[in-house]
Amino acid sequence: MSDLVIRGVRPYGEGEPVDVLVRDGVIVALGARSDAAVDGVEVATDAEVLEADGRILLPGFVDLHTHLREPGREDTETIESGSAAAALGGYTAVFAMANTYPVADTSVVTDHVWRRGQEVGLVDVHPVGAVTVGLAGKQLAEMGTMAAGEGRVRIFSDDGHCVYDPLIMRRALEYAKSLGVLIAQHAEEPRLTQGAVAHEGPNAARLGLAGWPRAAEESIVARDALLARDAGARVHICHASTAGTVELVKWAKAQGISITAEVTPHHLLLDDSRLETYDAVNKVNPPLREASDAQALRKALADGVIDCVATDHAPHAEQEKCCEFAAARPGMLGLETALSIIVETLVAPGLLDWRGVAKVMSENPARIAGLDDQGRPIAVGEPANLTLIDPDASWTVRARELASISDNTPYEAMTLPAKVAATMLRGRITARDGVVTTALAGRVGQ
Ligand code: NCD
Ligand code: ZN
């Protein structure tokens, strides 16, 4: 029997502090503070104690969109370093995108990613499978085999690439429906973005950067909503970046279409005024848009039109970023800064309360992915996948202090509000006060 007591904590930031007793990974009691028992349930004498000092307890975060770069680019991130970044960011489950080397288009790769994540033991690393072989958009991958494998793939995406061929997308949606899995689309009509490196608008025009028009995203969102309608399938829109996408998702939902969408922290906070310096740390797909798009995305997340936050954590090596803008790889780090950006853009301005944060960072992504052990209420009988948050902390981002192997954070030297004080995976503390637990306590091989 192993007991953990979280002392003096405020679930969802509401009410007076309570004690939470976790036994063998499950919440067994929750109630008024006392020394030897929690709500009448006796606490083991050797119980581990986490003093919460009135801080906020939320369900552990779930990230539907993470790039961990293993296999193939372990010089930029590994499942181990990415898991550490995730635990420090308050995550208890992440979905690792399929654009690795080799591509995760077979169960050999997806099963490996799952197993390695369990071995590391800091966060559940769920593999995303490719929709098409080699992400080439030509031939469907063996989604059924990946779904039936040990990695139990539930989300398929060619992320980094759009499933641009409408017939392939239609077949993928039909196949996904029959398997009970989800297609997550990187919405980018490639004919409209050839050579594009930045949001098409006045800033890119003035700076001489080739433009990525909003319509490249929106036309695919509209098309896929219609294809999902006709297939009776679900579709998920990755990294929504424009006000027009918000309108389209809203319209599709009103039609009863099974569509969901995510937004990244960087599209909520940053805009294309950052391009001024030509620093490629600001290069990302889809590109940073205009301030009006960021405002529309914030409102859509608060209103529930956009379902959840996903980091699109995309580590890149220094030589892939410290070069001319056109040659640089798109993508930015996100796992360790996500909560702070959500507090800055939504909680501080009063658009979202802590219950709302639990929804968009944990409950909704868990539901979209079909995880039954994540995003659960903080209540007796529920798995103890939890995040303890210090809402009053503020910290200054330093890339070299982040757990990621890569340094490409756009928030370098920015001072941000709120900090993850501890993360618990099935009752085991995986990160505490900015340090991850070193014991690798996975289930594999036990
Ligand atoms: C991602 C990457 O680097 O893998 N890059 C990015 O700019 N977002 C791919 C992706 O999410 O589209
Ligand atoms: Zn993408």
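Select D19 and R7: their side chains are joined by a polar contact of 2.8 Å. (A polar contact is a pair of N or O atoms within 3.5 Å; within protein, one must be able to donate a hydrogen and the other to accept it, and residues adjacent in sequence count only if both atoms are side-chain atoms.) D19 sits in strand β2, residues 18-23; strands are DSSP runs of E, at least two residues, helices are runs of H or I, at least four, and both are numbered from the N terminus. Is D19 buried or exposed? It counts as buried, because its relative accessibility is 0%. (Buried means under 20% relative accessible area, exposed over 50%, partly exposed in between, with a 1.4 Å probe and protein chains only.)

A quick note before moving on: this is a predicted model, where local features need pLDDT of at least 70, side-chain atom pairs count only at pLDDT 80 or more, and totals for chains, interfaces and linings use all residues. Residues are numbered from 1 along each chain as its sequence is written, chains are lettered from A and ligands numbered from 1 in the order in which they are written, and side-chain values use heavy atoms, with hydrogens and water left out.

Next, click on the zinc ion, ligand 2. Which residues hold its protein donors? They are D159 (OD), H186 (ND1) and H239 (NE2), 1.9 to 2.2 Å from the zinc. (Donors are N, O and S atoms within 2.8 Å of the metal, or 3.2 Å for Na, K and Ca; water is not among the atoms, so sites may look incomplete.) Along the sequence, the spacing reads D-x26-H-x52-H. D159 is in the loop between β11 (155-156) and α4 (166-179), and H239 in the loop between β15 (235-237) and α7 (243-254), so this pair ties together parts 80 residues apart in sequence. D159 and H239 are both buried.

Now pick ligand 1. It has 15 residues around it, the closest being R69, N99, D159, N285 and D312; a residue is near if one of its heavy atoms lies within 4 Å. Show H186 too: an N or O atom in its side chain is 3.0 Å from an oxygen atom of ligand 1. For H65, a polar side-chain atom lies 3.2 Å from a ligand 1 oxygen atom. At P330, a polar backbone atom is 3.2 Å from a nitrogen atom of ligand 1.

Last stop: A136, in the loop between β10 (124-127) and α3 (143-148). A136 is partly exposed, at 42% relative accessible area.
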